[in-house]
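Please read it alongside the model.

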Amino acid sequence: MASIYIKTQLERCCMTEDGSNSESLMERQTTGEDRVRMTARQLSEPRTANWIASEAGWSHEPTKRVLDRLVDDGILHRDESGTHTTYHPDYRRQAMQEAMRLRDSGHTVEELTDRLAEMKTQLRDWEDEFGVESPNQLRGTLADESSDAEGEDRRREIAREWEHLQRRLQIVGFAIREWDFLGPTTEPAEANS
């Protein structure tokens, strides 16, 4: 079964003119290889080929071949040191590409600085609301609290969003610090003679 993120991306690109979703259109829009590539590029932690295949809704062997090509192309890293071979993206490359996208997005450095301040305020608000300093400490409160299922679900969702904001903070901060460096070059590089 494809992940929620992949499904959402597919549904967005596959809406018909009347606003309905066409399953056959969705299936024609992406191949198994496309889904594996999308899933692999969105990894936030190392995952096995089986996990990626399951998320992409494709079988193991072709998924493994795609992952091996992505490793050969330098897009993914393979880690064979544990019990199971895992794959993960080059996080530095992802961060650099995202910072360049932010730089090229048409936003000003002031707008990104405002967004950075909003993210930091949100994190401080959660720290104050729950009396914790990290997403994992928030998750730990699930065992301590006698809250209802809805409250527990909210804490889990906030913990996931907290982790996401922490990653975004680093990337947006980097884009702001390196604003001039990340700008597109206006002169072509000269070839060495």
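**Salt bridges and cores**

E129 and R154 form a salt bridge, with their closest N and O atoms 3.0 Å apart. A salt bridge here is a side-chain nitrogen of Lys or Arg within 4 Å of a carboxyl oxygen of Asp or Glu. This is a predicted model: local features need pLDDT of at least 70, side-chain atom pairs count only at pLDDT 80 or more, and totals for chains, interfaces and linings use all residues. Residues are numbered from 1 along each chain as its sequence is written, and side-chain values use heavy atoms, leaving out hydrogens and water.

**Salt bridges**

- The E129–R154 pair links distant parts of the chain: E129 sits in helix α7 and R154 in helix α9, 25 residues apart.
- Helices (H or I, at least four residues) and strands (E, at least two) are DSSP runs, numbered from the N terminus.
- E129 is partly exposed, because its relative accessibility is 44%.
- R154 is also partly exposed, at 40%.
- The cut-offs are under 20% relative accessible area for buried, over 50% for exposed, and in between for partly exposed (1.4 Å probe, protein chains only).
- E163 and R139 meet through their side chains in a salt bridge (3.0 Å, N to O).
- E163 lies in helix α9 and R139 in helix α8 (residues 135-144), so this pair ties together parts 24 residues apart in sequence.
- E163 is partly exposed at 26%, and R139 is partly exposed at 28%.
- R160 bridges to E157, with the closest N and O atoms 2.8 Å apart.
- Both R160 and E157 lie in helix α9, three residues apart, about one turn of the helix.
- A network of salt bridges links K64, D68, R78 and E80.
- The count by this rule comes to 14 salt bridges.

**Nonpolar cores**

- The largest nonpolar core has 20 residues, and W126 and L138 have the most contacts inside it.
- Helices α6 (91-104), α7 (109-130), α9 (149-177) and α10 (179-182) each supply at least two of its residues.
- Helix α9 gives the most to this core, with eight residues.
- Another core lies apart from it, with 13 residues, among them A40, L43, I52 and I75.
- A nonpolar core is a set of buried Ala, Val, Leu, Ile, Met, Phe, Trp, Tyr and Cys residues joined through side-chain atoms within 4.5 Å.

**H88**

- H88 is placed in strand β3 (residues 86-89).
- H88 counts as buried, because its relative accessibility is 19%.
- Leaving aside neighbours within four places in sequence, H88 is in contact (heavy atoms within 4.5 Å) with L43, P46, L76 and H77.
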